[in-house]
Amino acid sequence: MSKDLRRGGLDRLTEEDIIQGGFSTPWDAPTIPHFPFAFRDIEVLTIVWRTSEAAVARLLPPPLVPTSDVVLAHIYKMNDTEWLGPYGESNVSIGCRLPGTELAGSYSPYLFLSSEVGVSHGREIHGQPKKLGHPKLEHRGDLVVGTVERNGIDILTGTMAYKQRRDSLDSLKAHFDFAENINLKAIDHIDGRPAIRQLTARRLTDVVVHECWGGPCTVELRPNAQAPVHRLPVIDMLDGVHWRADFTLVPGRIVHDYLAR
């Protein structure tokens, strides 16, 4: 924006500033990052399990339909992120497609972050159902351990053997295209009327994988009424993937507008 105090300008806010894309409040110390912004040296534990087809279908908003009965739970240790700084994140995703289109990917019914900026950006821009939580990734001897805590409860605990088998992200892509992330964006006007009801989609770019390991994994889910990941119950454990990468977050697109009908 033209009156950005970070650039030394001290003029007051104008209507032209407000209507520009990328505007965020408070205008003199904005919360929402501008695209693109980069994530560097990200460590991820992806725990994979099979649930029921009914559990997946229940969490998908229409007109999305399921493509898999598999759940991917990513637990990220974000070591160096522009705007946000270091933080923890967890994305629980399920496979889906949009009928009548070529779009297929992952839908995120639950996301948890330790960053208020990340929560705000995910909800306001992408429509992701992000909530504050405390995802954590640790190495405990020969075990990689990922936990997601909210309200003092570890709602998800994932473990995987430490660096036993070299792998690639193709092992995860075999379940569904997790890099294509689809979300339900819902925002109301101040008077309660619906302002935005959309399905949005975005892909990460400039993805560089530094290392990737596969191996046996476990997951434990604990019920929480405000973080109900337990609604995707574990029927069978599949292999996990432990990986490090860099990537860039860029603008996405609207793939379905419920209010345009």
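Q: What makes C96, R97, L98, P99, Y107, I182 and L199 contacts of L64, leaving aside its neighbours within four places in sequence?
A: In this predicted model, each of these residues is in contact with L64, and contact here stands for heavy atoms within 4.5 Å. C96, R97, L98, P99, Y107, I182 and L199 therefore count as contacts of L64.

Q: Which residues have the most contacts inside the largest nonpolar core?
A: They are W49, L64, I94, L156, V229 and L232, in a core of 36 residues. Another core, of 25 residues, lies apart from it and includes L113, V117, L169 and L249.

Q: Why is the pair of F178 and W243 called edge-to-face?
A: The ring centres are 6.4 Å apart, against a limit of 6.5 Å for a pair. The planes stand at 65°, and angles over 60 degrees count as edge-to-face. F178 and W243 therefore form an edge-to-face pair. The structure holds 4 aromatic pairs.

Q: What makes this pair a link between distant parts of the chain?
A: F178 and W243 are 65 residues apart. F178 sits in the loop between helix 4 (170–173) and strand 11 (180–188), while W243 belongs to strand 15 (residues 240–249). Both F178 and W243 are buried.

Q: Which residues form one aromatic cluster?
A: The cluster is formed by F35, F37, F39 and F247.

Q: Why do strand 7 and strand 13 count as edges of their sheet?
A: The sheet is open, with 4 strands in the order 7-8-9-13 and antiparallel pairing. Strand 7 (134–140) and strand 13 (217–221) each have a single partner strand, so one side of each has no neighbour in the sheet. Direction ignored, neighbouring strands of this sheet are turned by 15° against each other on average.

Q: Is S68 buried or exposed, and why?
A: S68 has a relative accessible area of 13%, and the cut-off for buried is under 20%. S68 is therefore buried. It lies in strand 2 (residues 65–78). Leaving aside neighbours within four places in sequence, S68 is in contact with V56, G95, H175 and F176.

Q: What makes the approach of the S68 side chain to the backbone nitrogen of V70 a polar contact?
A: A polar atom of the S68 side chain lies 2.9 Å from that nitrogen, and the limit for a polar contact is 3.5 Å.

Q: Why does S93 count as buried?
A: The relative accessibility of S93 is 1%, and buried means under 20%, so S93 is buried. S93 lies in strand 4 (residues 87–97). Beyond four places in sequence, its contacts include V70, V71, L72, H74, S106, Y107 and F176.

Q: What covers the buried residues of helix 3?
A: In helix 3 (residues 116–126), the buried residues are V117, G118, V119, H121, G122 and H126. Their cover includes strand 1 (37–50), strand 5 (104–113), strand 6 (130–132), strand 11, strand 12 (194–215) and strand 15. At the start of helix 3, a side-chain oxygen of S115 comes within 3.3 Å of the backbone nitrogen of V117. Just after the helix, G127 has a positive phi of about 85°.

Definitions and conventions. Residues numbered from 1 in each chain as written. Predicted model: local features only at pLDDT ≥ 70, side-chain atom pairs only at ≥ 80, totals over all residues. Heavy atoms only, no water. Core = buried A, V, L, I, M, F, W, Y, C linked by side-chain atoms within 4.5 Å. Buried < 20%, exposed > 50% of the residue type's maximum accessible area, 1.4 Å probe, protein only. Phe/Tyr/Trp six-rings, centres within 6.5 Å; stacked < 30°, edge-to-face > 60°. Helix = DSSP H or I, 4+ residues; strand = E, 2+ residues; numbered from the N terminus. Pairing = 2+ DSSP bridges. Axes fitted to C-alpha atoms, helices over the stretch in contact; angles between N-to-C directions. Polar contact = N/O pair within 3.5 Å; in protein donor to acceptor, adjacent residues only side chain to side chain.
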